[in-house]
Amino acid sequence: MCSSCGFPAAPGHWTEAGAATAPDRLRSRFRRAQVLQAILPALGLSAHDGGQVPGIQISTLSGHHEIVRDLDEVWAAAERMTGKKIDPLDRRFIGGGDEEA
Amino acid sequence: MRLTVLGGYLGSGKTTWLRHQLHAGQFGDAHIVVNEAAETPIDDALLSQAKQLSVLAGGCACCDAKSQLITLLREICDERSNIESGGKRLNQIVLETSGLADPGAIVDAVCTDAVLVHHILVIEIVVAVDSLHALDQLRTEPLGRRQIETADRLILTKVDEVDTEPLMRLRATLAVLNPGASVSAAIKGSNSDLPSAIGDVLPEELPDISGATSRPPIFPARIVLDDTIDWTAFSVWLSALLYARGDDVVRVKGVVRTPAGRLLLQSVRRAVQSPEILPEQTNDANREDNVIVVIGRGYRAEDLTKSLRSFSGDRADRTD
């Protein structure tokens, strides 16, 4: 396989490619938790990332929680924990109310 | 002038393969023509090694943009004719089609054009086949089958990402669809060996979809990431979109500016490539950064933007 005809690829999970330095990476983790925390309550969940240990903590309102590694796992965990399909194109995310599209 | 048509389904690895061929000195001084169905071209950013490059964006060259393709090819022929004898004349064109194109329709258009038929000889239709996703596509997408059927040469891409048994089943299925085509393999564009056969692997029994009209058409949507949308919010949203809609969102590509540089984002269904870090813009000042093309079906284009805005903390009902 040739590695010289392309450009260098960002290391790590693709969602974390926007930060190259350690301070940027930490800032990005806090921002990610903030974005998730704005989205997940609509699904009856909350997100926490203290920046100390790897992973994102997803919790239900009843206190059950799971720690996942990356964003791909967040959505799988959210479906598992709520028993509902997650869809960013359902009405609650496109301005049409709380019901799923 | 010889014309090679490079086709293949959305995300099948056409540009990656062509990029490596150019790097390896194949196609010499060929004029590369890149066709993209979306208005915002991305693939040309990867083909900087081409000596001459033309981009045909905003329509598929086998249908919507057929006349633009013919015009462009005629212009290339005119330029060549104007070179005095003794000068170096172009003798090769490589046309990379959009992933939504039927290469056969393009070849028909070239061969039946009153001017081009005297200047251009179609020497080969090369079709890239995504080893990871091709069997799924062949089960449901008539276009995917047409692309295979028109090929002279099939390049199985991403063969390092799939097990031997499904790869052999794909190969057997391709042999049923197009027994005359040669088959080879590539990893990131570089030639690779196909694994030797493991017993008798039967081809996939493909359902009859010749009259299928029930699925909505695949279309490109353009999403502008303005200053209110940072990479983190965008990646949270896109990861959710691909998780939920990865069967319908066939392809995502674009260049996003981040603190880590200009990231080339590409996905095929749920598989997202590690973003390549592009150099700062030099001679491609017209390139639109922070514009993402989402190619798929089963949703409304405006809902993508609304949903992204709600993920980035903006009001969901705000539009561009």
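A: Start with Lys188(B), which is partly exposed, with 18 other C-beta atoms within 10 Å. Keep in mind that the model is predicted: local features need pLDDT of at least 70 and side-chain atom pairs count only at pLDDT 80 or more, while totals for chains, interfaces and linings use all residues. Residues are numbered from 1 along each chain as its sequence is written, and chains are lettered from A and ligands numbered from 1 in the order in which they are written.

Lys188(B) sits in the loop between strand E7 (182-187) and strand E8 (190-192) of chain B. Helices (H or I, at least four residues) and strands (E, at least two) are DSSP runs, numbered from the N terminus. Lys188(B) is not a glycine, yet its phi is positive, near 50 degrees. Asn290(B) is another non-glycine residue with a positive phi, of about 60 degrees. It lies in the loop between strand E13 (276-278) and E14 of chain B. Asn290(B) counts as partly exposed, with 18 C-beta neighbours inside 10 Å.

Chain B has eight helices and 14 strands. Its radius of gyration is 20 Å, close to the 20 Å that the globule rule gives for 320 residues, so chain B is as compact as a globular protein of that length. That radius is taken over C-alpha atoms, and the rule is 2.2 Å times the number of residues to the power 0.38. The C-alpha trace of chain B spans about 60 × 55 × 35 Å along its principal axes. Of its 320 residues, 46% count as buried. Among contacts in chain B between residues at least 6 apart in sequence, 74% join residues at least 24 apart. A contact means that the C-beta atoms of two residues, placed from the backbone, lie within 7 Å.

One helix of chain B deserves a stop. Nine of the 11 residues of helix H8 (residues 301-311) of chain B are buried, so H8(B) is largely enclosed by the rest of the structure. Among the buried ones are Asp303(B), Leu308(B) and Phe311(B). The buried residues of H8(B) pack against H1 and H3 of chain A, and also against strand E9 (219-224), H7 and strand E14 (291-296) of chain B. Gly313(B) follows H8(B), and its phi is positive, near 90 degrees.

The largest nonpolar core has 107 residues, and Leu36(A), Val129(B) and Trp237(B) touch the most other members. Helix H7 (residues 231-245) of chain B gives the largest share of this core, 10 residues. Such a core is a set of buried Ala, Val, Leu, Ile, Met, Phe, Trp, Tyr and Cys residues joined through C-beta atoms within 7 Å.

Next comes the meeting of the two chains. Contacts join 32 residues of chain A to 39 residues of chain B. H1(A) gives the most to the side of chain A that touches chain B, with eight residues. By class, that side has 22 nonpolar, five polar and five charged residues. Here Ala, Val, Leu, Ile, Met, Phe, Trp, Tyr, Cys and Pro count as nonpolar, Asp, Glu, Lys and Arg as charged, and the others, Gly among them, as polar.

Finish with chain A. From the N terminus, its elements run α-β-β-β-α-α. Its radius of gyration is 16 Å, well over the 13 Å that the globule rule gives for 101 residues, so chain A is more spread out than a compact globule. Of the 101 residues of chain A, 29% count as buried.

Its three strands form an open antiparallel sheet in the order E1-E2-E3. The edge strands are E1 (45-48) and E3 (65-68) of chain A, each pairing on one side only. Pairing requires at least two bridges found by DSSP. E1(A) and strand E2 (residues 56-60) of chain A share four bridges. H1(A) lies across E1 and E2 of chain A, at about 170 degrees to E1(A). H2(A) lies across E1, E2 and E3 of chain A, at about 15 degrees to E2(A). Axes are lines fitted to C-alpha atoms, for helices over the stretch in contact, and angles run from 0 to 180 degrees between N-to-C directions.

How values were computed
Buried ≥ 20, exposed ≤ 12 C-beta atoms within 10 Å, placed from the backbone.
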